[in-house]
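These are my notebook entries on a single structure. I record what I looked up, entry by entry.

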Amino acid sequence: MSLARTTARVALGSIMTFAGVTHLTTAREEFRAQVPDWFPVDADTVVLASGVVEISLGAAFVALPKHRRTVGALLAAFFVAIFPGNIAQYVEHTDAFGLDTDTKRFVRLFFQPVLVAWALFAGGVLRDRKRG
């Protein structure tokens, strides 16, 4: 495993663990604002559940390097699963986390694919092709 992948894995896992903790504590209100009105589950329940998922996946990414491919794939899937919420935040003009203009909310949409790629790279799901 390369130093770049290990660094990317530990960094993303740490960020996800921290973000999950903030779902349950200091940023709970901000995260509730990001749950679309049309979502059929109570916003606070969604925030708490997604926080637990983020803590679990983030901690597993750091602490279980032998399972990095599985956890990386699950993290990528998680980022895809929450993307409709990011789209809803843009479409519904919802302010949260300093995203207080449509331009800021729109630009944020382009970061989700970066997170997916980061998870896949760090997990070793995207392997370097051998040159031959």
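**Entry 1: a loop residue.** The model is a predicted one. I then located T94 in the loop between α4 and α5. Is T94 buried or exposed? Its relative accessible area is 17%, and T94 is therefore classed as buried, the cut-off being under 20%.

**Entry 2: R105 and its partner.** I found a salt bridge between R105 and D102, with 2.8 Å between the closest N and O atoms. Both residues belong to helix α5, where they stand three residues apart, about one turn of the helix. I also looked up how accessible each partner is. R105 is buried at 5% relative accessibility, whereas D102, at 31%, is partly exposed.

**Entry 3: other salt bridges.** How many salt bridges does a search of the whole structure find? The search returns six. As background, I noted that side chains of opposite charge can pair when their charged atoms come close. One of the six joins D100 to K104, whose closest N and O atoms are 2.9 Å apart. Here D100 has a relative accessible area of 43% and is partly exposed; K104 is partly exposed too, with 40%.

I next examined R32, which forms a salt bridge with E29 at 2.8 Å between the closest N and O atoms. R32 and E29 lie in helix α2, and because they are three residues apart there, about one helical turn separates them. R32 counts as partly exposed at 28% relative accessibility, while E29 is exposed at 56%.

**Entry 4: aromatic pairs.** I counted five aromatic pairs. Among them is the pair of Y90 and F106, which is tilted, with 5.5 Å from centre to centre and 50° between the planes. Why does this pair tie together separate parts of the sequence? Y90 sits in helix α4 and F106 in helix α5 (residues 102–109), so the pair links parts that are 16 residues apart in sequence. Y90 is partly exposed, with a relative accessible area of 28%, and F106 is partly exposed as well, at 38%.

I followed F106 to a further ring, that of F110. Their centres lie 5.2 Å apart and their planes meet at 80°, so this pair is edge-to-face, the cut-off being over 60 degrees. F110 is exposed, with a relative accessible area of 54%. I noted that ring pairs link Y90, F106 and F110 into a cluster.

**Entry 5: the largest pocket.** I turned last to empty space. Rolling a probe the size of a water molecule over the atoms shows where such space is left. The largest pocket holds about 810 Å³ of space. Which residues lie nearest its centre? They are Q34, E54, I82, N86 and R108, out of 31 residues in the lining.

I then looked up which helices contribute to this lining. At least two residues each come from α1 (3–24), α2 (28–34), α3 (43–63), α4 (68–91) and α6 (111–122). Sorted by class, the lining of the largest pocket consists of 22 nonpolar, seven polar and two charged residues.

Definitions and conventions. Residues numbered from 1 in each chain as written. Predicted model: local features only at pLDDT ≥ 70, side-chain atom pairs only at ≥ 80, totals over all residues. Heavy atoms only, no water. 1 Å grid on protein atoms, 1.4 Å probe; cavity = no way out; pocket = protein on both sides within 12 Å on 5 of 7 lines; lining within 4 Å. Points joined across faces, edges and corners; volume = space filled by probe spheres on them. Helix = DSSP H or I, 4+ residues; strand = E, 2+ residues; numbered from the N terminus. Nonpolar A, V, L, I, M, F, W, Y, C, P; charged D, E, K, R; others polar. Phe/Tyr/Trp six-rings, centres within 6.5 Å; stacked < 30°, edge-to-face > 60°. Buried < 20%, exposed > 50% of the residue type's maximum accessible area, 1.4 Å probe, protein only. Salt bridge = Lys/Arg side-chain N within 4 Å of Asp/Glu carboxyl O.
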